[in-house]
Amino acid sequence: MILAGVLLLLALILPALPLGSWQAFALDTAQFAFLLSGLALSWDLLARTGQLSLAHGAFFGLGAYTAALTAPLIGTLPSLLAGAAVAAVGSFLLGLATLRLHGMYFAIATLAFSEVMRTFVLKAGFTGGSIGMIVAPPFDGRFPLGGYYLAVTVLGLCVLVSYLVSRSRFSYAMAAIRQGEPVARVLGVPVVRVKLLAFLLSSALAGLAGGVYGMKTLFLSPYDAFSLGRAVEALVIPIFGGLYTTTGPLVGGLLLVSLETWLRLRIGEGYLVVYGVLLILAILFLPRGLVGWLSRRRGGGHA
Amino acid sequence: MKKLWVLASTAVAVMGLSLAQTSVKVGVILPLSTVGGKAALNGIQLAADEATAAGKVRFEIVSVDDGNAADKAVPALTKLLTVDKVDIVIGGLGSGPTLAMAGPVKQYKPLFLAIGAASSLVENAFTGYDDFFHFHPWDYHNVAAAMDFFKYLYGQGARKIAILYEDGPFGSAGMPTYRKLLQDAGYEVQAEPFKTNSGNFTAILTRFKSFQPDILYWIGYDWDALPIATQARQVGLKPKLIYGAPPAWPIGFDKNPNSNDVVGMSAWLPSVSNQESRNFVAAYKKKYGEVTEEYMAPMGYTIVKALTAAITAAGSAEKDKVAEALAKVKLNTPFGPLAFKPSDTGKTKYQGFDSSIWFQFQYLGGARRQVYPVQGAARPIRYPGSY
């Protein structure tokens, strides 16, 4: 957690660091890295109950579209909260129907939900449909670093929620469910309620990240906002960084986005091949993720 | 002594050339992992090399990949503008990433030369930004060019049109407009969406059979071309014309017998007979050892040619002077004459090409032949075609 605190502090002071001509580029890259890391942290929250979600791209998209549509009417911050709320409502409805499913069946149900949401936004007139929609910058562009600090805030919130959950009794219930639902039930854990609460928290944070994303890219299309690729990234980052931890998805997200950006700049065409090989190697040789490997080297401390 | 004299005179000549040349660093941001992006970069590099060799302008091209995604395009453009410190940027192939780039463009104010980005949303996003030069026609130009052809076919007796469109942004964006325009032109229209790359169109094509369309019009991607052409025959649809509108046609499609008589729209083909097109094809073949059929290659080439003319006229690589000169450039290009004027809606000040660069071609005997407009046609259209 100290590492997470240091990283958040660095994120806060990054605009003031003497990065010279690289500053604007670093801030842009960092902003997307924070949002993706936040999404990964939100995914990991649900994963702690043993559920593999492929709907986080959809929650991200729901948050993005809701914030984009409501921002001109109610302002930046309320619109972001509205985005989080709509994503949470979406997850609640999905959860009611699917949280009794396990493993692959749950993953397929969430994948179907993503497709349904994307198609809905694609066909709905008020979303701009397949043409997409232009999004206003946060605070009407009055603060050049407004978007950046929103991304830092979202990341900070995701870290805080993830940390508080991991320190609460709730985390024991989640771990019990992950290790075996029948046993958890026997132990008196309200399985569906715990999973639903984890799903709500997780999706609200994903929706919040999506809202800030749209305000940065200034444009949303259903294929980008509801991208399955993003749902996969949300899953790969915690696996790379270390599942069921706060530091794992945070470090994993920042490292992977930095690595991808660096490879794209250095190698250019074909950089994804190198990126893919590095990911495969990491998963093969770091089965508990980066944080798990570091903990083992340090003598088995908790991440 | 003689050697020394030769060396000295060569050095003086090189120095003189470099002093006479205006040096300019140009940023290029394209989806480099796509066929269109690579072709565009090849065209840009070719024209830059020609300008340098001609001693007019010495280009330094700094290229970055926009990943065809907003979250990759924004940092990549920021790097070009702040780290590489370019004042002139060529890019914006896909509309989505270009819209995302509107933010940094307005913040750092480069001269932005858009190579693609046909969506009218881009036109809205860059309204009021005077250093935005859009070379490619807008989407409404594309619709106008296709409609002109459909009106011609109406005159040839076509009355029913079945539209097969992919359900993504590319295929479905213009559908309501197309449907209305076709109905206004007197056509009876039946339209159905499909999932691109699904490979199975027999169900929809069989449903179309009872409609008995004169034209089967499909809007999708290159990988959909062959399954549609093949399965239309297999189900016995027998339209009088198959018209496709993918962003690029599949490589080798012309060699497949099922491509015969299929019609499509393009802005350029290597067979276009104007002098600039012939020069481009020869130069491209010399540099890259192949002939490209991607119209983004001559589009990139044209942009750098126009930029060279502007820098030469301005006598400087200073952004504002170049923009002022570029606005006055008149140039013959592989697409035909280029000159800038305000866009049709008046939202942007500098629009290069319009619907007039589009033409219709037909796959005939293993090659694409220009068939419409009739006055520029290499061959008369085969209507009804044999499918």
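Student: How far apart are the C-alpha centres of domain 1 and domain 2 of chain B?
Tutor: They lie 33 Å apart. Keep in mind that this is a predicted model.

Student: OK, and where does the assignment put those two domains of chain B?
Tutor: Domain 1 of chain B is 2–137 + 272–353, and domain 2 is 141–266 + 359–376.

Student: How many residues does each one put into the contact?
Tutor: Six residues come from domain 1 of chain B and five residues from domain 2 of chain B. On the domain 1 side, that splits into four nonpolar, one polar and one charged.

Student: What about the overall dimensions of chain B?
Tutor: The C-alpha trace of chain B spans about 85 × 50 × 35 Å along its principal axes.

Student: How many helices and strands are in chain B?
Tutor: Chain B has 13 helices and 15 strands. Six strands form an open sheet with parallel pairing, in the order β2-β1-β3-β4-β5-β13 (chain B).

Student: Which strands of chain B stand at the edges?
Tutor: β2 (57–65) and β13 (350–351) of chain B do. Each has a single partner strand, so one side of each is left without a neighbour in the sheet.

Student: How many bridges join β1 of chain B to β2(B)?
Tutor: Nine, and the two strands run parallel; β1 of chain B covers residues 22–30. For one specific pair, B:G27 has B:V62 in β2(B) as its bridge partner.

Student: Which strands does helix α12 of chain B touch?
Tutor: α12 of chain B (residues 296–314) packs on the sheet and touches β1, β2, β3 (88–91) and β4 (111–114) of chain B. The helix direction makes about 140° with that of β2(B).

Student: Let's go to chain A. What's its secondary structure?
Tutor: Chain A comes to 14 helices and two strands. The C-alpha trace of chain A spans about 55 × 45 × 35 Å along its principal axes. With 303 residues, a compact globule would have a radius of gyration near 19 Å, and chain A agrees at 19 Å.

Student: How do helices α1 and α6 of chain A cross?
Tutor: α1 (residues 2–13) and α6 (residues 146–167) of chain A have axes that come within 10 Å and cross at roughly 170°. That makes α1(A) roughly antiparallel to α6(A).

Student: Which residues meet there, between α1(A) and α6(A)?
Tutor: A:A4, A:L8, A:A11 and A:L12 in α1(A) meet A:V152, A:L155, A:G156 and A:V159 in α6(A). The residues of that contact are seven nonpolar, one polar and no charged.

Student: Last one: how many residues does each chain give to the A–B contact?
Tutor: Chain A gives 22 residues and chain B gives 26 residues. On the chain A side, α2 (23–47), α10 (222–225) and α12 (247–266) each supply at least two residues. α2(A) gives the most, with five residues. The chain A side divides into 10 nonpolar, eight polar and four charged.

How values were computed: Residues numbered from 1 in each chain as written. Chains lettered and ligands numbered in written order. Predicted model: local features only at pLDDT ≥ 70, side-chain atom pairs only at ≥ 80, totals over all residues. Pairing = 2+ DSSP bridges. Helix = DSSP H or I, 4+ residues; strand = E, 2+ residues; numbered from the N terminus. Contact = placed C-beta atoms within 7 Å. Axes fitted to C-alpha atoms, helices over the stretch in contact; angles between N-to-C directions. Nonpolar A, V, L, I, M, F, W, Y, C, P; charged D, E, K, R; others polar. Parallel < 35°, antiparallel > 145°, perpendicular 65-115°, else oblique. Domains from an automatic or database assignment. Rg over C-alpha atoms; globule rule 2.2 N^0.38 Å.
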